Amino acid sequence: MVRIPAGPFIMGNDDGPQDERPAHRITLAEFSIDRHPVTNARFAEFLNVVGYTNAAGEHLFDHDDADARVHRVANRWTADKGFEDHPAVEVSWVGARDYCVWQGKRLPTEAEWEKAARGIDRRMYPWGNLAPDRSRARFAAGFNDTAPVNAFPAGTSPYGVESMAGNTWEWVSSAYRAYPYRPDDGREDPTAGP
């Protein structure tokens with residue numbers, strides 16, 4: 001895991017999509033975040049321990065989707081050959097949350113994820129303001145056409161977190177709400193659901 005120091009940063013920007021406006025100052029406590037996204041191999045290990053559904057009967061993984069990269073083989077969940085080190089896909093929000101709990105962790109909030117990705121210097125991308133290219137991120141690829149989680153060291157965030165742009169979407173604990181981000185507006189209430 002990577003430690004992200006406490007302090008302020010500017011979240012959002014004034015030039016992006018309407019729901020990312022306005023740019024606004026947020027102050028966060030110190031937190032830690034995984035250096036790499038969860039891989040198919042690690043998520044398969046989790047499924048082998050806890051199963052496909054949780055105690056509430058909620059599905060953790062969309063295993064029957066054609067894009068899934070983890071399947072049951074000889075009664076065990078196994079990452080597809082060649083996709084072991086790729087980011088886990090077809091994971092439900094509940095599955096992401098439960099995986100984090102299983103690891104003794106939690107999903108980051110939207111604000112934490114953005115600070116870990118962009119740092120405090122208002123950069124557009126984890127690596128800075130240069131446009132994405134194939135040395136920094138997986139982009140302009142087919143749906144679910146992923147790359148290994150450590151394939152783009154040139155795209156590392158200012159804190160050393162990798163694969164925060166491109167490759168796959170990532171879950172956060174926050175419910176979707178337009179900016180400005182306010183942790184007290186209900187978006188961080190886990191009882192409301194994702």
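**Buried residues, helix packing and backbone features**

Tyr181 is buried, with a relative accessible area of 5% (buried means under 20% relative accessible area, exposed over 50%, and partly exposed in between, with a 1.4 Å probe and protein chains only). The model is predicted, and local features need pLDDT of at least 70, side-chain atom pairs count only at pLDDT 80 or more, and totals for chains, interfaces and linings use all residues. Residues are numbered from 1 along each chain as its sequence is written, and side-chain values use heavy atoms, with hydrogens and water left out.

Tyr181 is found in the segment after helix H3 (110-118); helices (H or I, at least four residues) and strands (E, at least two) are DSSP runs, numbered from the N terminus. Not counting residues up to four places away in sequence, Tyr181 touches Met11, His24, Ile26, Thr109, Glu110, Ala111, Ser174, Arg187 and Glu188, where contact means heavy atoms within 4.5 Å. The side chains of Tyr181 and Glu188 are joined by a polar contact of 2.7 Å. A polar contact is a pair of N or O atoms within 3.5 Å; within protein, one must be able to donate a hydrogen and the other to accept it, and residues adjacent in sequence count only if both atoms are side-chain atoms. Trp93 is 88 residues from Tyr181 along the chain, and their C-alpha atoms are separated by 20 Å.

Trp93 belongs to the buried residues of H2, which also include Val94, Gly95, Ala96, Asp98, Tyr99 and Cys100. Because 7 of the 10 residues of helix H2 (residues 93-102) are buried, this helix is largely enclosed by the rest of the structure. Its buried residues pack against helix H1 (40-50). The axes of H1 and H2 come within 11 Å and cross at roughly 85°; axes are lines fitted to C-alpha atoms, for helices over the stretch in contact, and angles run from 0 to 180 degrees between N-to-C directions. H1 is therefore roughly perpendicular to H2 (angles of 65 to 115 degrees count as roughly perpendicular, under 35 as roughly parallel, over 145 as roughly antiparallel, and the rest as oblique). Arg42, Phe43, Glu45, Phe46, Val49 and Val50 of H1 make the contact with Gly95, Asp98, Tyr99 and Trp102 of H2.

The largest nonpolar core has 17 residues, of which Phe43, Phe46, Leu47, Phe61, Val70, Trp77 and Val91 touch the most other members. Such a core is a set of buried Ala, Val, Leu, Ile, Met, Phe, Trp, Tyr and Cys residues joined through side-chain atoms within 4.5 Å. H1 and H2 are the elements that give two or more residues to this core, and the largest share, 5 residues, comes from H2. Apart from this core lies another, of 15 residues, among them Ile4, Met11, Ile33 and Tyr179.

Asn54, in the loop between H1 and strand E5 (70-73), is buried, with a relative accessible area of 16%. A polar contact of 2.8 Å joins its side chain to that of Glu58.

Most residues other than glycine have a negative phi, and most peptide bonds are trans. Glu90, in the loop between strand E6 (76-79) and H2, has a positive phi of about 65° although it is not a glycine. Asn167 likewise has a positive phi, near 70°. Cis peptide bonds join Arg21 to Pro22, with omega about 0°, and Tyr179 to Pro180, with omega about 10°.
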